[in-house]
Amino acid sequence: MAWESRRGKGRYYTRSRKVNGRVEREYIGSGPMAEFQSALDLMERWPRQEEAYARRVERDRMAELDRLVADYCERVESVACAELEAAGYHKHNRGEWRRRRG
Amino acid sequence: MAENVVTIVGRDLDGDTGKRDLKLLDRAQKGDDKALFELKDRHGNRPGFWKEVGDYSRHLEQHMAKQLTGDNGLIREGILRKLESMRQELTGPNPSALEELLAERVATCWLQLQLAESRATTTGLTLTLADHYQKQADRAHRRYLAAIKTLATVRRLQIPPMQVNIAEKQVNLLG
């Protein structure tokens, strides 16, 4: 849904919607009635946009948490590896831990 | 995550002194050096206090528990207590420092897995978002299993050699 102009002249309010997989643009017009319709559409869209925004915020928050936990896990893992190595173990072929010979 | 330090430390603080400390903590978290200095002065010789302030995994847990339960403080408290008992069960009676650290990680990963799965199973998600959360849950699951595996490995490798004598012949079973 948008206001458009043709060759820089006038402003027309249009709506786009999908019909049978194709985008169809509906011409609403210009002037006070088009302004009114545009305001109504905006009011109708508002809750959906707010919901979408809340979801984006939540997604970002979860992604940040995921990163923090991954970071934390990596650090703990490196401490564990260091301690095992100090105790005389090594990772055999990047797999199981084995005690060094000799 | 800043407010969580106050939440954790605030549990031990009662009365007017406690309220004063909470205010100081709040100010210190917002970058007030004077408040930090005063906190150091007041709690310099309380290692438990600073251990809790600096406990990164507990902060993560508090944060995740809040995400998981929203405003429901009762369920949140239940989850935090479950994590505590999980840690105790995993560490056993005389854990080494490394075992404690690894058990802590298992508990943190478990909570993240619960959170990620709860998001992945939310109804009404777009396909892209559902896929995004599912991948996050998969990563959390892998981390959880890896955390358990490392704890088990450390336990296994630290078991002292056990000797059994069978017909005067020594057999090493473990170690």
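Reader: What makes a residue count as buried here?

Author: Buried means under 20% relative accessible area, with exposed set at over 50%. The model is predicted, and the values below are computed from it.

Reader: Why is T108(B) called buried?

Author: The relative accessibility of T108(B) is 0%, and the cut-off is under 20%, so T108(B) counts as buried. T108(B) is found in helix α7 of chain B. Leaving aside neighbours within four places in sequence, T108(B) is in contact with Y72(A) of the other chain and with S57(B), L60(B), E61(B) and M64(B).

Reader: Why does T150(B) count as buried?

Author: T150(B) has 10% relative accessibility. Buried requires under 20%, and T150(B) therefore counts as buried. This threonine is found in helix α8 of chain B. Residues up to four places away in sequence not counted, T150(B) touches E77(A) and A80(A) as well as L102(B) and R105(B).

Reader: Is N20(A) buried or exposed, and how do you know?

Author: N20(A) has a relative accessible area of 78%. Exposed means over 50%, so N20(A) is exposed. N20(A) lies in the loop between β2 (9-19) and β3 (22-29) of chain A.

Reader: What is noted about the backbone of N20(A)?

Author: Its phi is positive, about 50 degrees, although N20(A) is not a glycine. Most residues other than glycine have a negative phi.

Reader: How do you know that the length of helix α1 of chain A agrees with its number of residues?

Author: Helix α1 covers residues 32-86, which is 55 residues. At 1.5 Å a residue, α1 should span 81 Å. The C-alpha atoms at its ends are 79 Å apart, so the two values agree.

Reader: Where in α1(A) does a kink lie?

Author: The kink lies at R45(A), shortly before the proline P47(A), and amounts to about 35 degrees.

Reader: How does the radius of gyration of chain A stand against the value for a compact globule?

Author: A compact globule of 102 residues would have a radius of gyration near 13 Å, whereas chain A has 30 Å. Taken along the principal axes, the C-alpha atoms of chain A fill a box of roughly 90 × 30 × 25 Å. Of the 102 residues in chain A, 22% count as buried.

Reader: What makes a set of residues a nonpolar core, and what is in the largest one?

Author: The set must consist of buried residues of the nonpolar kinds, joined through side-chain atoms within 4.5 Å. The largest nonpolar core has 40 residues, and those with the most contacts inside it are L60(B), M64(B), L83(B), L102(B) and L111(B). The elements giving two or more residues to this core are α1 of chain A and, from chain B, α5 (56-69), α6 (73-91), α7 (97-120) and α8 (127-157). The most comes from α7(B), with 11 residues.

Reader: Which residues are in contact with L83(B)?

Author: Leaving aside neighbours within four places in sequence, L83(B) is in contact with E61(B), A107(B), W110(B) and L111(B). Another core, of five residues, lies apart from the largest one and includes L24(B), L25(B), A35(B) and F49(B).

Technical notes
Residues are numbered from 1 along each chain as its sequence is written. Chains are lettered from A and ligands numbered from 1 in the order in which they are written. This is a predicted model: local features need pLDDT of at least 70, side-chain atom pairs count only at pLDDT 80 or more; totals for chains, interfaces and linings use all residues. Side-chain values use heavy atoms; hydrogens and water are left out. Helices (H or I, at least four residues) and strands (E, at least two) are DSSP runs, numbered from the N terminus. The expected span of a helix is 1.5 Å times one less than its number of residues. The bend at a residue is the angle between axes fitted to the seven residues ending there and the seven starting there. Buried means under 20% relative accessible area, exposed over 50%, partly exposed in between (1.4 Å probe, protein chains only). Contact means heavy atoms within 4.5 Å. The radius of gyration is taken over C-alpha atoms; the globule rule is 2.2 Å times the number of residues to the power 0.38.
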